[in-house]
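Trainee: I have a new model open and would like to learn how to read it. Where do we start?

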Amino acid sequence: MGKTVIRNATIISMDIAVGDLACGDILVDGDAIAEIAPSIGAVEGAEEIDGTGTIAIPGLVNAHMHTWQTGLKGAGSDWTMGQYIRAMHAGLATHFRPDDIRIGTLAGALNQIAGGVTTLADWCHNNPTPDHTEAGLDGLEASGIRAVFLHGSPKPDPKPGQKHFSEVPMPRSEVERLRKGRLASDDALITLGLAILGPYYSTYEVSVTDLELGREFDLVTSCHASGKAMNPDGFERLVAAGLVDGRLNVVHANDFPDDRIKCLVDAGANFTVTAEVELQMGFGDAITGRLTALGAPCSIGVDVESAVTGSMFAHTRFTLQAQRNADTLTTQRTGTAPGPFLTTRDALRWATMDGARMLRLDHRIGSLTPGKQADIVLVRRDALNTASVIDPVSIVVNYAEPANVDTVLIAGEVKKRAGRLVAGGIDGIIADLRSSGRRILTDAGLLQ
């Protein structure tokens, strides 16, 4: 891989040491950022990318998405949480063939790249067979995205003689197979993590087994926490047992008391917010503000594209405004002095550095820093919806849309150029995605 120079872009590095540049250049050497400066001289043999009229930002990190559901856009737009669990996990998910997982994951990941996401936490919990798992990995690899494949487990209704899913730990043999085979490297573009049930959705004994498995293989281990918990004090017990550390990621946690959040943060755990889905499904206020008050990172994600848009720009500003509203209402209700007003730079950090920290990749991605991987996004600031001389961070967070993403580099390779994905065959992928969705809905008796 050769060298690339991005010239004359406004640079938002998200690195305090590097700072921001009103106009500057970025030199990419191979898969890494080599230099950031107001001006870089001629580089022999380098590809030149004109960044005039663009804002360079670190690639966005979508810290939570069930990418396999991409072919069912709109199916869950009017669902409550209870309806989602029944219709998706006990219903539609059971009709997915391996190729449905592949095409949904491929199309979903390509859509993320088109929208400026360079790293995806792919929470794959519809893999009843190794073939389903391999198909999901095939989709990620074909897209060219950077991803942590979080290996989960399906949640169908048990058949006679089968245990309920809450009693079944992660399949050790599958984790071992992936960790020693296709996903052995922690430096590859696609790496392995675990998507466990956790104490809200499994027995305490299963939670212990799953966390010990994640520790044994040194994997990011993520779990949901919303609704009625099987073990109301499960997280506290896991902390007391010394099983919680920086590997653990908790998604949602809207109903957690403050002391539980602090207990987990103090133990090293981190949290991911998916504010729009949390609002739709009645989880309660996002915990973004409570994490901020603790000085803890707050990663954010799309969650289910079967219900909401896949645009991380949309979810970043939604999360910001939802928390601002909650903070304002709290001060009005309590009569207390308002705390620090969350800023657009806070929100951009959630979608970059905090997401990288959640995935334990902040040494490689999350900021434009020499030595880190060249995951770089150029956002046009000269379109009708983004043209402004005001703070470029505000333009990115509050105004940008996927259509404004001009260029995307992942590990130094251009994945989107001049507003178009480099990947070919997009029309065919869309046709296959629609065909997959129709077949699944038909087999489930929802289409004739």
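Trainee: How many helices and strands does the protein chain have?

Mentor: This is a predicted model, so read every value as computed. The protein chain has 15 helices and 17 strands.

Trainee: Which share of the residues counts as buried?

Mentor: Buried means under 20% relative accessible area. Here 56% of the 448 residues count as buried. The accessible surface is about 17600 Å², and carbon and sulfur atoms make up 54% of that surface.

Trainee: What about contacts between residues at least 6 apart in sequence?

Mentor: Of those contacts, 76% join residues at least 24 apart.

Trainee: How many positive and negative side chains are there?

Mentor: There are 40 positive and 54 negative side chains. The centres of the two sets lie 2 Å apart.

Trainee: Now a single residue. Where is Asp-210, and is Asp-210 buried or exposed?

Mentor: Asp-210 sits in helix H6, residues 204-216. Asp-210 is buried. For a salt bridge, look for a side-chain nitrogen of Lys or Arg within 4 Å of a carboxyl oxygen. Asp-210 has none; the nearest side chain of opposite charge, Arg-172, is 9.5 Å away.

Trainee: Which residues does Asp-210 touch, leaving out those up to four places away in sequence?

Mentor: Asp-210 touches Pro-169, Met-170, Leu-194, Ile-196 and Leu-197.

Notes
Residues numbered from 1 in each chain as written. Predicted model: local features only at pLDDT ≥ 70, side-chain atom pairs only at ≥ 80, totals over all residues. Heavy atoms only, no water. Helix = DSSP H or I, 4+ residues; strand = E, 2+ residues; numbered from the N terminus. Buried < 20%, exposed > 50% of the residue type's maximum accessible area, 1.4 Å probe, protein only. Contact = heavy atoms within 4.5 Å. Areas by Shrake-Rupley, 256 points an atom, 1.4 Å probe, with all protein chains shown as cover. Lys, Arg positive; Asp, Glu negative; His and termini not counted. Charge placed at Lys NZ, Arg CZ, Asp CG, Glu CD.
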